[in-house]
Amino acid sequence: MKKILTLALVIALLCCVSITGYAEDNEEMTEKAPVSGVKMTYINSVYTSLSISSSGLSSSYTFIMAYPGVDEVRISMYLQRYDNGWKTVKHWAQDFTGTYGSLSKNWYVAKGYNYRVLAYFYAYDGSDSESISRTFGSVWY
């Protein structure tokens, strides 16, 4: 009887550790997600990045992932440079049917400035919508 009770206790403890470990992993993933700290109804995650090569070719990338049930998503992405304030160098926008969309664009930039990407993300569920913005930068070239 003692062996069965000990085995049951060990199994119970292992279950608790597994559940706790799973909860911690989810918290870490949430903290690393770009929409962390904000409870969004339609938008699950967004991402924005910018890199500039030694020849001045900027590579801007954004994506949005919405929750199931969303009809359409939209990305509006601005490549901007700092010159006594942030000024738009190039703008791209695209609509996507469903819950996922991504934009990847390249553009040559002038030397001697800081650059960033400002992106607006939208999710539509019928007549309801939700939006969020994210900025990545600044990158000196």
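Modeller: Take Met65, which is partly exposed at a relative accessible area of 34%. The scale runs from buried (under 20% relative accessible area) through partly exposed to exposed (over 50%), with a 1.4 Å probe and protein chains only. Before going further, note that this is a predicted model: local features need pLDDT of at least 70, side-chain atom pairs count only at pLDDT 80 or more, and totals for chains, interfaces and linings use all residues. Residues are numbered from 1 along each chain as its sequence is written, and side-chain values use heavy atoms, with hydrogens and water left out.

Colleague: Where does Met65 lie, and which residues does Met65 touch?

Modeller: Strands (E, at least two residues) and helices (H or I, at least four) are DSSP runs, numbered from the N terminus. Met65 lies in strand β2. A contact means heavy atoms within 4.5 Å. Not counting residues up to four places away in sequence, Met65 touches Ile43, Asn44, Ser45, Thr99 and Tyr100. Met65 and Tyr47 are 18 residues apart along the chain, and their C-alpha atoms are separated by 9.1 Å.

Colleague: What should I keep in mind about side chains along a strand?

Modeller: In a regular strand the side chains alternate between the two faces of the sheet.

Colleague: What does a polar contact look like here, for instance at Asn106?

Modeller: A polar contact is a pair of N or O atoms within 3.5 Å; within protein, one must be able to donate a hydrogen and the other to accept it, and residues adjacent in sequence count only if both atoms are side-chain atoms. The side chains of Asn106 and Ser59 are joined by one of 2.9 Å. Asn106 is in strand β5 (residues 100-108) and is partly exposed, with a relative accessible area of 47%. Residues that Asn106 touches, beyond four places in sequence, are Leu57, Ser58, Ser59 and Trp92. Asn106 and Ser51 are 55 residues apart in sequence and 9.6 Å apart in space, C-alpha to C-alpha.

Colleague: How many aromatic pairs are there?

Modeller: Rings of Phe, Tyr and Trp (its six-membered ring) pair if their centres lie within 6.5 Å; planes under 30 degrees apart count as stacked, over 60 as edge-to-face and the rest as tilted. The structure holds 8 aromatic pairs. Tyr47 and Phe63 have ring centres 5.8 Å apart and planes at 25°, so this pair is stacked. The pair links distant parts of the chain, with Tyr47 in strand β1 (residues 43-52) and Phe63 in strand β2 (residues 57-66), 16 residues apart. Another stacked pair is Tyr122 and Tyr124, at 6.4 Å centre to centre and 15° between the planes. Tyr122 is partly exposed at 25% relative accessibility, and Tyr124 is partly exposed at 26%. Tyr47, Tyr61, Phe63 and Tyr100 form one aromatic cluster.

Colleague: Which strands pair with β6?

Modeller: Two strands pair if DSSP finds at least two bridges between them. Strand β3 (residues 72-82) runs antiparallel to β6 (residues 114-125), with 10 bridges. Strand β7 (residues 128-140) also runs antiparallel to β6, with 12 bridges. Tyr122 in β6 stands opposite Arg74 and also opposite Ser131 in β7. The hairpin of β6 and β7 has 2 residues between the strands, and Gly126 takes a positive phi near 65° there.

Colleague: And the protein as a whole?

Modeller: The secondary structure comes to 1 helix and 7 strands, in the order α-β-β-β-β-β-β-β along the sequence. Of the 141 residues, 29% count as buried. Among contacts between residues at least 6 apart in sequence, 61% join residues at least 24 apart.
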